[in-house]
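Me: I have a structure to go through in short questions and answers. Please keep each reply brisk and end it on the value or name I ask for.

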Amino acid sequence: NRVLTITGEEGHLFGQITGQSRHELYPESSRDFFFTAIPAQVSFIFDAQGPASHAVLRVGGQEITLLRMDDVESVGEE
């Protein structure tokens, strides 16, 4: 399994997939971001309130749904 780690630093957003380099994400809209270093986009999906419930990574012609880590941990506990 791979993890996409999203971090914010000095007003910039970065994404790093397990085993790969960290790259800056650039906004296309309030929920859609893209990498310039690699051909990939990330869309954050929000519920009515709170942080993003999940994200969709588009890379290599695929759409991969990404769960929040706290959601993944709670699924493993059931």
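Me: What distance separates the side chains of Ser-43 and Arg-58 in their polar contact?
Reply: This is a predicted model, in which local features need pLDDT of at least 70, side-chain atom pairs count only at pLDDT 80 or more, and totals for chains, interfaces and linings use all residues. Residues are numbered from 1 along each chain as its sequence is written, and side-chain values use heavy atoms, with hydrogens and water left out. A polar contact is a pair of N or O atoms within 3.5 Å; within protein, one must be able to donate a hydrogen and the other to accept it, and residues adjacent in sequence count only if both atoms are side-chain atoms. For Ser-43 and Arg-58, the side chains are joined at 2.8 Å.

Me: Is Ser-43 buried or exposed?
Reply: Buried means under 20% relative accessible area, exposed over 50%, and partly exposed in between (1.4 Å probe, protein chains only). Ser-43 has a relative accessible area of 3%. That makes Ser-43 buried.

Me: Which strand holds Ser-43?
Reply: Helices (H or I, at least four residues) and strands (E, at least two) are DSSP runs, numbered from the N terminus. Ser-43 falls within the run of residues 40–46. That run is strand β5.

Me: Which residues does Ser-43 touch, not counting those up to four places away in sequence?
Reply: Contact means heavy atoms within 4.5 Å. Residues up to four places from Ser-43 in sequence are set aside. The list is then Arg-31, Asp-32, His-54, Ala-55, Val-56 and Arg-58.

Me: Which residue meets Arg-58 in a salt bridge?
Reply: A salt bridge is a side-chain nitrogen of Lys or Arg within 4 Å of a carboxyl oxygen of Asp or Glu. The N to O distance is 3.2 Å. The partner is Glu-63.

Me: How many salt bridges does the whole structure hold?
Reply: One of them joins Glu-63 and Arg-58. Another joins Glu-9 and Arg-22, with the closest N and O atoms 3.1 Å apart. A search of the whole structure gives a count of 2.

Me: How many residues apart in sequence are the parts that Glu-9 and Arg-22 tie together?
Reply: The two residues form a salt bridge. Glu-9 is in strand β1 (residues 4–9), and Arg-22 is in the loop between β2 (12–17) and β3 (23–27). The pair therefore ties together parts of the chain whose separation is 13 residues.

Me: Over which ring does the charged end of Arg-22 sit?
Reply: A charge sits over a ring if NZ of Lys or CZ of Arg is within 6 Å of the ring centre and within 35 degrees of the ring normal. Arg-22 is partly exposed, at 39% relative accessible area. Its charged end is 3.9 Å from the ring centre. The ring belongs to Phe-14.

Me: How many aromatic pairs does the structure hold?
Reply: Rings of Phe, Tyr and Trp (its six-membered ring) pair if their centres lie within 6.5 Å; planes under 30 degrees apart count as stacked, over 60 as edge-to-face and the rest as tilted. The structure has aromatic pairs to the number of 2.

Me: What is the angle between the planes of Tyr-26 and Phe-34?
Reply: These two rings form a tilted pair, 5.9 Å centre to centre. Tyr-26 is partly exposed at 31%, and Phe-34 is partly exposed at 28%.

Me: What is the angle between the planes of Phe-33 and Phe-44?
Reply: Phe-33 in strand β4 (residues 32–35) and Phe-44 in strand β5 are 11 residues apart, and the pair links distant parts of the chain. Phe-33 is buried at 13%, and Phe-44 is buried at 13%. The pair is edge-to-face, 5.7 Å centre to centre. Its plane angle is 75°.

Me: What value is phi of Glu-10 near?
Reply: Most residues other than glycine have a negative phi. Glu-10 lies in the loop between β1 and β2 and is exposed at 77%. Its phi is positive, near 50°.

Me: Which pattern does the chain follow along the sequence?
Reply: The chain has 1 helix and 7 strands. Read along the sequence, the order is β-β-β-β-β-β-β-α.
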